[in-house]
Amino acid sequence: MNPLRRIFDKARPLFEEGGRLSPLRSVYEGFDSFLFTPKTTSSSGVHMHDSIDSKRIMITVVVALLPCLLFGMYNTGYQNWLGAGAVAAEYSFWGMMLYGFLAVLPKLLTAYIVGLGIEFISAQIKHEEIQEGFLVTGILIPLVCPVNTPCWMIAVATAFAVIFAKEVFGGTGYNIFNVALVTRAFLFFAYPAQMSGDKVFVATQPIMGVGLTVNFADGFSGATPLGQAATHAGGEMTLTNIVGDPLSLWDAFVGLIPGSFGETSTLCILIGAAILLIGGIADWRIILSVFVGGTVMGFVAHTFDSPSYPCSFLTPLEQLCYGGFAFAAVFMATDPVTAARTAAGKYVYGFMIGVIAILIRTYNNGYPEGAMLAVLLMNAFAPLIDYCVIQGNKRRRRNRLISKA
Amino acid sequence: MKVNSTLQLKLKRGLDLPLKGEALEKLPDIVPSAVAIYPDDFPGITPKLDVREGDRVMAGTPLMHDKEYPQIALASPVGGVVKEVLRGSRRKIIRVVVTPSAEGTPERQGTSDAAIAPKTREDAVEALCRSGLWAWMRQLPYDIVPRPDAVPRDIFVTGFDSAPLATDFKQCGIDGSNLQAAVDYLSKLTDGNIYVSCRRGDSLPSIDGITRVEISGPHPAGNAGVMANNIAPVNKGETVWTLDLVTLDRIGAWVRTGATASRTNVTICGPEAVNRGVVSTLVGADMQTLLAGHIADDGRNHRIIAGNVLTGVKTDMDGFVRFPYRQATVIAEGDDKDEMLGWASLSPNKMSASRTFPSAFMPWRKLSGDALLHGGRRAMIMSGVYDRMLPMDIMLEPLVKAILSRNIEDMEALGIYEIAPEDVALAEWADPSKIELQKIVREGLEYMRREA
């Protein structure tokens, strides 16, 4: 027998009802079922089950997010080096990776400890198994936040989102709104001063002796491309990087631009999308229709471009590459719990997210990014969309009966 | 005489499980040491006992009858002595066991060669009920033994079993003139069509008065509910009957000779069965005789299933072959091995419809599988999984939610009258949240029958 298995079996009585450690039962169960496949066999219905379970689904999403996480580390270091005016010889790949790693690690740990902590407690209270949903949420949260978000804010926002967006509805599978986006929205509306502007998207201080100091006096602007567009006033609009050099669409596609930690690289997001689609975890209908919706609205906005809405100067392709649009399309809109669940409904749901994201971004200068709000808004409408699709099926059945009579 | 015609049905959704353990050989005939009838295998019937332990019975003697419709009999498949009436809690009848008489050849009731030729429809129904063969049919809605007072709109006969490792009807010695006799008999009981399905490319004995349905596609393409839903769905207030080709053959034999045949082919199959093959034995044969020397001696925990892995009944060596199955499947229970980090496995031996497992890219590889849930029970998380496994115009997910909330109006509107638990078995297999769909659907059907 596996020695680890023996340790777990030996410890089991401690955690069971009446054991000394019974308040930690859910933790024990959680680790046990994480390490070892539970030996529950089917008791009713089918005698065999597909090998897939929600753990594997969640882990696949986490794997799909890794390219974005790794690139986010690199980019955080890169922006720091760039902002500090380092010369090319000083750029070191591993130095930048280490810097980015040190920058994101506390946020990652904060999100997981707070979120999983609440999950463990609620599983204990409800006498249920730990549910895996937070495995994904925990990595999404640092990826959608600016790198300079203080850990305590992430802790407060995560706790709010997990309790009020998920647990009060019954836990994983019952929530109406995407938990990671509720976290982001909470931060956005509760701490607007700290969560926007041009200072939060670039790490400016050395961490544990790694990295450089970025000096604001040197004409430095850490504003994201969309932030620049939103505050643009008159004249030719040129988006620049943080030291004032013009940005190309290629920079935005690769992701070497300031932005939320994991959202900048469209390339890495597409790698993640490929993993999700090959694995059959995300629904291609949603991803496709978000991009179609965004392109259509981007095209409309660009056709009727106007100086009062400077974002309308962006081409549809730029709209897709800048900001959190691609990230939202691939990782947020496809959350199966909060998305539309019917096949036809998914097209409508995705298309509307694409349209609304670009609509908010272009025509509301107060919000330089609309993807988050678009997904949350359509989360609220997803049940209505499904309702309409299901009514169609019911109507077909009713008409069959009437045509017979 | 109705016009003979042929329909084509191409089904795309569904899946043939890549399960190891096919039975190819023909094995010697077996005379079981006991046979059993389980009233639970005949949903809709409230059994009343007609015999006591020690009674002598003949093949075709009623062992039990229905409380509401006393003419519906559950007949003994063999002549012999009633060995056991097993009762459970609240004296519920679990099973009636009959020991075949020593001669081995089943004595028959009504062995006269006189054909059955009832004059009126009522007589025809009554005779079929009393023969015991009535209980072998099902009706939609509710997936129960047909109510004798309802006239079926159509009758659907399934000509093949698409379940994993199922018995091939072609090996069951089906007789064309029996089928014709049965179709002639049943066509008096319905004003509608008699549909008989077969796999595209397979031949079906030529029968007058039926509509042939040539079906292509993976399991559950062979299910009667799937055929009915795709051809002529059951509306509220309508009734259709469903049965399989072997039962049709049996009805024909009974019409022609007055006796019910009780021999049947049973397939011994599954990844943990050895010397696999098809045996000719009696309906309801005991596992002890049937499976002797067929269980792999590899020290693993085994699960013996009377039926197929999707809809069969878990049993053990003391159990019996259960209606309507002609199959005994042996698989590994799977609880005797420790597996670390199973959710991260990249093993090509894990059976899955999900492309996160390598096996999904190698559909030609046959796999063993086991009875593990492979995960914990969860709320519905993934969407669209059920739809890929159910080739019917039914939105299963909203229907399941309607059943769970006991919403009669929604259940009706979403098509509960068109579905049987066996139709959702494949979706239950594929569900990452491990929800007990067959159980839920059965409870929903029972609820509708009581309340609606």
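Helices (H or I, at least four residues) and strands (E, at least two) are DSSP runs, numbered from the N terminus. This is a predicted model, in which local features need pLDDT of at least 70, side-chain atom pairs count only at pLDDT 80 or more, and totals for chains, interfaces and linings use all residues. Residues are numbered from 1 along each chain as its sequence is written, chains are lettered from A and ligands numbered from 1 in the order in which they are written, and side-chain values use heavy atoms, with hydrogens and water left out.

**View 1. A:Thr60 sits in helix H3 of chain A.** This helix covers residues 54–83. A:Thr60 is buried, at 13% relative accessible area; buried means under 20%, exposed over 50%, and partly exposed in between (1.4 Å probe, protein chains only). Setting aside neighbours within four places in sequence, A:Thr60 is in contact with A:Ile275, A:Leu276, A:Ile281 and B:Thr356, where contact means heavy atoms within 4.5 Å.

View 2. A disulfide is a pair of cysteine sulfur atoms within 2.5 Å, and a search of the whole structure finds zero of them over all chains. A:Cys151 counts as partly exposed because its relative accessibility is 28%, while B:Cys172 counts as buried at 18%.

View 3. B:Pro220 is in the loop between strand S13 (211–216) and helix H3 (224–231) of chain B. For B:Pro324, look in the loop between strand S18 (313–315) and strand S19 (327–332).

**View 4. A:His127 has a positive phi although it is not a glycine.** Its phi is about 55 degrees. You will find A:His127 in the loop between helix H4 (93–126) and helix H5 (133–144) of chain A. A:His127 counts as exposed because its relative accessibility is 56%.

**View 5. B:Arg406 also has a positive phi without being a glycine.** The angle is about 50 degrees. B:Arg406 lies in the loop between helix H7 (396–404) and helix H8 (408–413) of chain B. At 32% relative accessibility, B:Arg406 counts as partly exposed.
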